[in-house]
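The exercises below are meant to be worked through with the model open beside the text. Each begins with a task and is followed by a solution in steps.

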Amino acid sequence: MPRNDPGRAGCVAELAAALARLFERTTEISVLREAIAAYRAAVEVHESRYHEDLRRLLSRLFLVTTEFDPRLLKQALSALYPSAPEDTAPAAGLPELVTALRREYELTDDLPTLRDAVAAARLLVKFTRLDDPRSGARQVDLATVLWQVSGRDGDLALLDEALRITRAASPDAARSNLLALILKRRYELTGDVDALREAVEFGREAESYQGNLADVLRVLAERTGDLAMAREAVALARRAIGGLRADDAEWVQTQAVLGGALTHLARRTNDTPTAAEAVRESRKAVVATPVHHPAYLTRLTLLYRALMLQYDTTPEQSVLDEALAVARDLVGTAPKDHPDRGKHLSYLSSALRAVFLRGNGNSVLDLKESTEYARQAVAGTPTNHPDRAINLADLADLLQLMHERTHDRVSLREFLTTNTAIAKMSAAPVDQRIEAARRAAQADLSLGRHRHALTMIRLATDLLPQLGLRDVDRADREHRVAAAHKLPATAAAVAVAAGQPGLAVELLEQTRGVVFAGTLDTREDVAELRQAAPELLARFDRLREGINAADHEITSPSFGEHRDTTGRHPRELATRRADLSRDWDELLAEIRQQPGLAGFQRPTPVAELRTHADQGPIVSVVADESGHALILRDEGDGTDEPVLVVDLPAVTRAKVVRQTEVFRTALGVALDREQPVRARRTAQARLREVLAWTWDAITEPVLQGLGRTGPPAAGEPWPRVWWCPVGVVTTLPLHASGRGTDSVVDRVISSYTPTIRALAHARRDGPPTPSTSVVTVPDAPQSPPLPGATQEAELLRERIPGAAVLSTATRATVLDALREHGIVHLACHGYADLRDPSASRLLLPDHLTDPLTLHTITRLNLRHAQLAYLSACSTTDTNQEHADEATHLTAAFQLAGYRNVIGTLWPINDQTAIDVAKDFYTDLTAGGSAPPDPARSALALHHAVRVLRDATPALPSRWAAYLHSGA
């Protein structure tokens, strides 16, 4: 029967009366509650006619389930449900009725009951005089119930009313806690990050509500990528749960908070044990929560997220089965009008997609079911809701899968329109918008829509700086920017397809090394500013010094841990960072208004970028859906076109990833002395196969394009090439590729640079400091001995008699040596932390307590630095997500100011380290007869590696690890 049918109220009332009679016979509370719900439906149609019946049944319910005084209950219900509107009057028992209605809601998750609680709370406030000492508390009670309703029906107006009431209340811990909860929900409904930051502030004021503060911190950490905040959330939740017993009222909610905080921390750190703990703690909260409790769905959601994260880290069938069951429970339990229904449907869709992928794409029914739920999720999410972008992205994933399996262009076009919609959603998180724009551009390329593809790439490029905002420390910004790690390759591919190779090079500069470039912004010489606007120079210097200090101030990564090194509260530093960032942007805007400074610290055009190819071509190698090499040439090469494009049809992202996996697997076997000799020989053969593939697919076509078809003629200088690999290509040792003696090392000297701007930084003028420091660590704690480190020190003494050998190598003494000497040789173990690259470090004697990390090195600004020789393991290794940010030790030394850095891609053995160092320094010092010449670093390493390659051509694991980065 339609809701507006005149006879509906009477029919519903008859049903209610029948249910009431059934209750009288059975005394089943569930039947009584069903009767009450029916009378409420009748009241909606005919407001006052059935009030008496509703009052009677509610009275029966509360007399059975509470200790309500019957007389007070009757008065309170008469006030809430008057026989006529004019009968409304002050009534005793309203406070108890509000409490009873809220308790009933917590037992049943019945939204009309909660709305009754709001109505009763409003009456109570209305009938309470302002000078009544209970007035403030009753106002806050009303705000609390309004907050509860907003969480159940998503009503933003009620939430804003709750916010106004609570702001006006007298300050105390309870008020601050409620404000934190209200502002957090405002963020959840609108995506308002400022509201979330304010929620944290109020949460910190409410010191006795640690569990709620932990939850707000977790949400903000998810949005900003702040690892220190994520760890603080877990620590607070652990502390809060430690002070509670399992029968305490707050225990279950705090348990859920702990599970959620652990889930985010595990996702942020890629830590498998933490992911397993998150599942255990989240499951405890769900088990302890009745199905009809209002928080059941929220806690079930946290368990689903924890399970899917655990499945990502340890893809076991049982974990996926449980996640799918939880997702079905969410969809089956939640009311149809629940504000999170779209999210629940999206979870079910994602779980079914995982089932489909686990079956290797065999069950198309799973894919179709997943897609249908994804469409329902989008349809069930309001246009302005923050979750809409996530749900659309899930749908886009499924459309992509459908296209890959069916090659259906209809799916491809819908994939394009879906991602375009996400990219244009201003309320969506920036990282989601960037990835959506990138995926839309890829679809455009497949459809031949180059103009729209460029539009999407420009949108993504314009958004990218927001991921590099200085609101968190450097390590967290690197993690945040890594979310866009596929953008550079796609951007370049789009520009090449559009016939604009110069733009491709410009886009690579804008989309790679974002955090690296942000640091250079605060370090590079500003001669043009000094000349054109000297009055602004003092402010500029003061601001960039403050930014550099704040960038590294609060955290010091150690084995992935972050700790406060200043004693300042994190929020104070966050505020200072925000102020510095705002002041910096305002100053840049002011500088650019000065005559001749419009382009100050703006993206560099290709015409200027090509000037840095004056000493040799700079080759960017891109692998997307197709592969290209972009060769940047100087005008001196006799060509008007700055960029030569070499098509590399075999170099797709998928093929490069496969080659990398083969190489890494083989390398692990080749370096493992516990493996049988035959297995290690086979592994070396696999390494040579990958080097040959890289030669055939990438480097040989590039060298052909450069006209480098063989070694230089006798008496001619060795030509140089700077490799600037992009994305997944960074994992291939381009400099070592080849077939036998026809290889890169037989034709050119190879150097690397993270970006063209980084190369320009390495070539800047600076006061030379010819002194040399040698750091040797033969026996770092908890690491294998390195007897060869002592031999390296001895050979350096022979080649460089004045070298200062550091007898006590600690973090502090090594940093002092770096500041004092222009050349530094470090013979020690290195550790590349692939889960948290900023925590990569050199293993010194005090590395367990005070590590010399990548994060620490990037803080240095050494204008005299000439050469850093890192005779350590894996100093240039990082994960694929951080590759374009060059988050590794070799690049860190380059950013610190070293013009030349010798690094390694994987572990090296003692004898190899000695041999290469000996040949390198022999060349660098003319056999020990002259001071070391850092300008010969690339040539010296080239000769040393060729000698080793010629001696052991079948063992690339020995000679292919070394590379030169910089000038």
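Helix H34 makes the largest contribution to the lining of the second largest cavity, namely three residues. The model is a predicted one, in which local features need pLDDT of at least 70 and side-chain atom pairs count only at pLDDT 80 or more, whereas totals for chains, interfaces and linings use all residues. Residues are numbered from 1 along each chain as its sequence is written, and side-chain values use heavy atoms, with hydrogens and water left out.

**Exercise 1. Describe the second largest cavity and its lining.**

Step 1. A cavity is, on a 1 Å grid over the protein atoms alone, a set of points where a 1.4 Å probe fits but cannot get out, while a pocket is an open set with protein on both sides within 12 Å along at least five of seven lines; lining residues have an atom within 4 Å of a point. The volume of the second largest cavity is about 80 Å³, where a volume is the space filled by probe spheres set on the points, and grid points are joined across faces, edges and corners.

Step 2. Its lining consists of 13 residues, and those nearest the centre are Leu786, Cys828, Ser871, Asp910 and Ala913. At least two lining residues come from each of helix H34 (787-799) and helix H38 (910-924); helices (H or I, at least four residues) and strands (E, at least two) are DSSP runs, numbered from the N terminus.

Step 3. Sorted by class, this lining has seven nonpolar, four polar and two charged residues, where Ala, Val, Leu, Ile, Met, Phe, Trp, Tyr, Cys and Pro count as nonpolar, Asp, Glu, Lys and Arg as charged, and the others, Gly among them, as polar.

**Exercise 2. Decide whether Cys828 is buried or exposed, and find the nearest cysteine sulfur.**

Step 1. Cys828 has a relative accessible area of 2%, so it is buried; buried means under 20% relative accessible area, exposed over 50%, and partly exposed in between (1.4 Å probe, protein chains only).

Step 2. No disulfide (a pair of cysteine sulfur atoms within 2.5 Å) turns up in a search of the whole structure. Cys828 is accordingly in none, and the nearest cysteine sulfur, which belongs to Cys873, lies 8.9 Å away.

**Exercise 3. Work out the strand order of the open sheet that contains E11.**

Step 1. The sheet has three strands in the order E11-E12-E13, with antiparallel pairing, and two strands pair if DSSP finds at least two bridges between them. Strand E11 (829-831) and strand E13 (852-853) are the edge strands, each pairing on one side only.

Step 2. E11 is joined to strand E12 (residues 841-843) by three bridges, and Tyr831 has Arg841 as its bridge partner in E12.

**Exercise 4. Describe the largest cavity, then turn to the second largest pocket.**

Step 1. The largest cavity, with a volume of about 110 Å³, has 14 lining residues, of which His735, Val745, Ser750, Leu941 and His942 are the closest to its centre. Helix H39 (937-951) is one of the elements that give two or more residues to this lining, and H39 gives the most, with four.

Step 2. The second largest pocket has a volume of about 1600 Å³, and its 46 lining residues include Ala517, Asp521, Gln601, Arg602 and Arg757, the closest to its centre. The largest share of this lining, seven residues, is supplied by H26.
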